[in-house]
Amino acid sequence: MKNCLAELREEKNWSQGDLADQLGVSRQTINALERGKYDPSLPLAFKIARLFKRSIEEIFEPDEKPSKPAR
Amino acid sequence: MQESTESGRDLTIGKRLITNFVVSEFFLIAGNLAIRVLNREGILPPWAVAVVTLVTILPMLLFAIGFFRMLRTDLDEMLQRIVLEGLAFAMIVFVPLAGFYVNARAAGLISSRLDPPEVLLLPSILVAIGVLISWSRLK
């Protein structure tokens, strides 16, 4: 899943540690989120959206993969 | 500054966990050795050997409680996932391996016996490998 978390964080001049503290997660989690290696849970996604005053869709964008047709 | 504080906290959790695990594993293995010697020599009565047995598993029991608490309260969702994937990896590898050993031994294909250190250390080594694999995917 793509996201613009790094850009939003840099706009606020926060370090990864600052953001991690505000969200109550580890810095490693912020790093993995920004690099698109880890998809957050729904509660964490809501927390992030609330913190940046955006909707979840504005921050996170699903990968465009054609879904398999149902059999 | 914040980053180093956060990393420091994570490092402390990891360090504490590994130290506690190594200490409790040492107690378990040293205890096993002591029990075997005590049984062979017949120095202590059976009830005292039973007490020694219980004492040697206490540190591991405390470690297990601490590990469960850490998993639930100290780790965030991604770190929880890494640890749980490590545990799942260990389970997936250990169970077929143990099944193979038991059946191969029953069939007489393997004659060697596993010693307590191997039995006790293999699951934890597998968890560590599983955590490393999971961590490297998310890093």
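**Close-up views of a two-chain predicted model**

**View 1. E34(A) and R9(A) join up in a salt bridge.** The side chains of these two residues meet at 2.5 Å, N to O. Here we're looking at a predicted model. The pair ties together distant parts of the chain: E34(A) sits in helix α3 (residues 27-34) of chain A, and R9(A) sits in helix α1 (residues 5-11) of chain A, 25 residues apart. Why can such a pair form? Side chains of opposite charge can pair when their charged atoms come close. Counting over all chains, the structure has five salt bridges.

**View 2. Chain B meets chain A.** On the chain B side, 14 residues are in contact with 18 residues of chain A. Together the two chains bury about 1,400 Å², with 48% of that on carbon and sulfur atoms. How many salt bridges cross this interface? The rule finds zero between chain B and chain A, but it does pick up four residue pairs in polar contact across the interface.

**View 3. A look at the side of chain B that touches chain A.** The largest share, five residues, comes from α1(B). Sorted by type, the residues on this side of chain B are four nonpolar, two polar and eight charged.

Definitions and conventions: Residues are numbered from 1 along each chain as its sequence is written. Chains are lettered from A and ligands numbered from 1 in the order in which they are written. This is a predicted model: local features need pLDDT of at least 70, side-chain atom pairs count only at pLDDT 80 or more; totals for chains, interfaces and linings use all residues. Side-chain values use heavy atoms; hydrogens and water are left out. Contact means heavy atoms within 4.5 Å. Buried area is the accessible area (1.4 Å probe) that two parts lose on being put together, summed over both. A salt bridge is a side-chain nitrogen of Lys or Arg within 4 Å of a carboxyl oxygen of Asp or Glu. A polar contact is a pair of N or O atoms within 3.5 Å; within protein, one must be able to donate a hydrogen and the other to accept it, and residues adjacent in sequence count only if both atoms are side-chain atoms. Helices (H or I, at least four residues) and strands (E, at least two) are DSSP runs, numbered from the N terminus. Ala, Val, Leu, Ile, Met, Phe, Trp, Tyr, Cys and Pro count as nonpolar, Asp, Glu, Lys and Arg as charged, and the others, Gly among them, as polar.
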